[in-house]
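Please keep the sequence and the three-dimensional view at hand while reading.

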Amino acid sequence: MKKLFLILLIIISFGCSKDDNTEANPQTETFELTTESNSVMPQRFVIVTTNITLGQNNYTGTFGGQDIELYKSSDNELIFTVPEINSGNQILELEIDDKIGSLDFQVSENNVQDPNSVITTELINPINSMSQDINDYLTSNSFSQEVTSSLNSANQIINDFLTKFNTLSDDEKMEVAKFYNANPLFTTDFLNVASRNSMTGNSDYDCFNVNSKRVVLTTVTVLGFVAALPSLNAAGPLGSVTAAVGFIAGVYAAHSILSAAHELLINECFLPFKHALSDSFGNSNDFEVNNDSFHNFTITAKDRHIIASDISNSNTVVAFTIEKMNLVKSKWNTLKSGVNNIISSTSNWFSSWFGSSSSSYEPISYDYDDIPESSEEIDSEGDSKFITIEDFPSDVNVEVNVASDNSISLKLTADESTLPRTVTGKIKYNDGDFSTEDEFSITLNAFELSGIWKWNQLEDMVCPDATFSAGIIEQIQFFEDGTYSSSAGYIGNYVLSGNSLSLEWTSDVFYTGELVCPDGSTDSSNYTITNSFQGNLAGEVFEGNMTRSRNYLDSFCYPDFSCSSSSMLSRL
């Protein structure tokens with residue numbers, strides 16, 4: 001079935017006249033004839049391949065004893081239509097250059113019980129589907145003048161065809177139904193409308209996904225049509241004129257979709273080709289982190305348009321798209337001139353079927369350029385839900401949490417006796433449609449608290465006796481013996497357990513002075529202020545809470561109190 005689209009060579013090519021110079025000359029020398037399928041039915045167009053070079057454009061032969069015309073579609077291929085003939089075994093016989101070729105066929109009845117169903121499935125639904133693609137292009141995109149004109153003209157030719165088709169008699173529709181029952185031109189191979197699957201990947205790349213599918217779904221129509229172009233100026237098609245007009249309308253629509261998809265794929269649609277991590281210092285590789293501690297990384301992506309070398313892309317969809325676009329490119333100029341000859345004529349079978357309306361269809365003017373060798377690259381945010389971190393050494397434990405739509409929290413844990421140590425892993429992207437793998441390295445260091453840190457209160461702390469504004473409180477120096485000192489003169493002990501840090505200091509004793517109690521009496525007490533911090537290591541900082549407590553040392557009419565605020569310790 002994959003060559004059925006070459007059928008139009010007969011539909012629109014030579015008339016029914018025979019070549020009187022090809023009378024049979026009985027002799028014994030033969031040549032070989034082969035075909036893809038020997039099971040046929042009346043009105044079915046069949047391609048036969050010979051083992052000799054064809055020197056004429058058309059030949060006369062017989063099928064089951066009936067005279068038929070065969071038409072050249074390539075140097076060693078001919079196309080013919082199966083005539084109305086009895087079912088059963090029938091023989092094709094052909095004489096070329098005083099040699100005889102023959103081939104057996106099994107003919108079945110072209111029986112159409114429900115012509116409307118056949119027409120809907122094989123002609124109307126595919127054309128409507130292309131019309132839907134065209135309308136989507138016109139409402140959702142901006143194109144060059146050539147593409148816009150072809151889309152509008154394709155819409156018009158489809159509408160004109162469907163309008164007139166709806167006025168046909170039942171007998172005329174039966175003729176069309178039998179033609180498409182024998183020749184399912186629009187529902188063969190990739191043109192099957194049921195194969196238009198919905199996308200499940202990253203919506204950022206819908207532009208490529210949509211237009212790639214449209215290229216694949218319409219290429220077969222255009223390439224099959226090219227074989228008929230040498231005969232486009234013939235007097236008229238054999239068989240159903242309406243069926244032939246419908247096919248040409250579909251091909252014109254297919255060309256406009258291919259033009260629009262080509263323009264978008266080269267200039268507008270992006271696909272991912274690289275992903276990376278970025279830390280808070282702007283590094284995109286050779287990171288340094290603390291062992292057994294979570295660190296936040298932003299995901300970045302590099303995107304580009306398709307390029308010529310994508311014919312070898314590991315993504316089979318991308319490679320297949322480039323292959324189809326290259327095929328269209330190789331046939332485009334022939335297609336353009338041939339289609340323009342048909343739709344521009346005011347006196348051929350095509351214009352006669354349409355009437356005066358055909359004169360307004362725009363000739364094809366779009367140039368289907370080669371796919372560029374290179375492309376611009378753009379940086380974009382990555383998508384954390386499609387990211388995995390893998391392929392680190394087996395003795396390094398990896399934990400990954402999604403921090404946001406475009407960031408992750410990553411913790412690597414190795415035996416501290418092996419540190420410091422540089423390890424290599426991969427950031428992998430896979431959205432179901434596209435995948436990338438990119439390597440990066442991280443140096444793992446054993447965490448050391450010793451040194452000077454700054455204590456930053458992140459929000460105002462409102463206490464009963466005062467409000468303490470957000471900002472840097474003081475500096476703290478940690479010592480390896482488990483003690484610390486602050487720039488305010490406080491000293492104390494700290495506890496570092498895994499990634500958790502706790503410390504506190506208590507002020508000297510203060511005196512309240514005489515205060516009025518809630519019952520009106522007066523009272524006083526000595527008190528201390530205790531400041532404490534508890535937090536967890538997050539990358540290079542400890543995030544947690546600072547608590548300020550007032551503790552009365554004597555019996556007093558007011559209770560002890562405490563207040564807190566979020567705080568952070570970061571290394572100077």
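The structure shown is a predicted model. Strand E22, covering residues 483–486, and strand E23, covering residues 491–497, run antiparallel and are joined by three bridges.

The hairpin of E23 and E24 has two residues between the strands, and Gly498 takes a positive phi near 65° in it. In general terms, the strands of a sheet pair through backbone hydrogen bonds, in either a parallel or an antiparallel manner.

The C-alpha atoms of Asn499 and Gly535 are 8.4 Å apart in space, while the two residues are 36 apart in sequence. Gly535 belongs to strand E28, which spans residues 526–538. Is Gly535 buried or exposed? Its relative accessible area is 7%, under the 20% cut-off, and therefore Gly535 is classed as buried.

Which order do its strands follow? Eight strands form this open sheet, arranged as E1-E3-E6-E5-E4-E7-E8-E2, with mixed pairing. Strand E1 (33–35) and strand E2 (39–40) are the edge strands, since each of them pairs on one side only. E1 pairs with strand E3 (residues 45–50) in the antiparallel sense, over three bridges. Within that pairing, Thr34 finds its bridge partner, Thr49, in E3. As a general point, side chains in a regular strand alternate between the two faces of the sheet.

In the loop between E2 and E3 lies Gln43. Although Gln43 is not a glycine, it has a positive phi of about 80°. Gln43 counts as buried because its relative accessibility is 17%, which is under 20%. The loop between strand E7 (88–96) and strand E8 (99–107) contains Asp98. Asp98 likewise is not a glycine, yet it has a positive phi of about 65°. With a relative accessible area of 44%, which falls between the limits of 20% and 50%, Asp98 is therefore partly exposed.

A further backbone feature concerns a peptide bond. The bond from Leu419 to Pro420 is cis, with omega near -5°. Pro420 is placed in the loop between strand E15 (407–413) and strand E16 (421–430).

The tour ends at the surface. Where does negative charge gather there? Asp170, Asp171, Glu172 and Glu175 come together in a surface patch of negative charge. Of these residues, Asp170 lies in helix H4, which covers residues 170–182. Asp170 has 66% relative accessibility, and because this is over 50%, Asp170 counts as exposed.

Notes: Residues are numbered from 1 along each chain as its sequence is written. This is a predicted model: local features need pLDDT of at least 70, side-chain atom pairs count only at pLDDT 80 or more; totals for chains, interfaces and linings use all residues. Side-chain values use heavy atoms; hydrogens and water are left out. Patches are made of residues with over 30% relative accessible area and no salt bridge: like charges are joined within 9 Å, nonpolar side chains (Val, Leu, Ile, Met, Phe, Trp, Tyr) within 5 Å. Accessible areas come from the Shrake-Rupley method with a 1.4 Å probe; for residues, only the protein chains shown count as cover. A salt bridge is a side-chain nitrogen of Lys or Arg within 4 Å of a carboxyl oxygen of Asp or Glu. Lys and Arg count as positive and Asp and Glu as negative; His and the chain ends are not counted. The place of a charge is taken as NZ of Lys, CZ of Arg, CG of Asp or CD of Glu. Helices (H or I, at least four residues) and strands (E, at least two) are DSSP runs, numbered from the N terminus. Buried means under 20% relative accessible area, exposed over 50%, partly exposed in between (1.4 Å probe, protein chains only). Two strands pair if DSSP finds at least two bridges between them.
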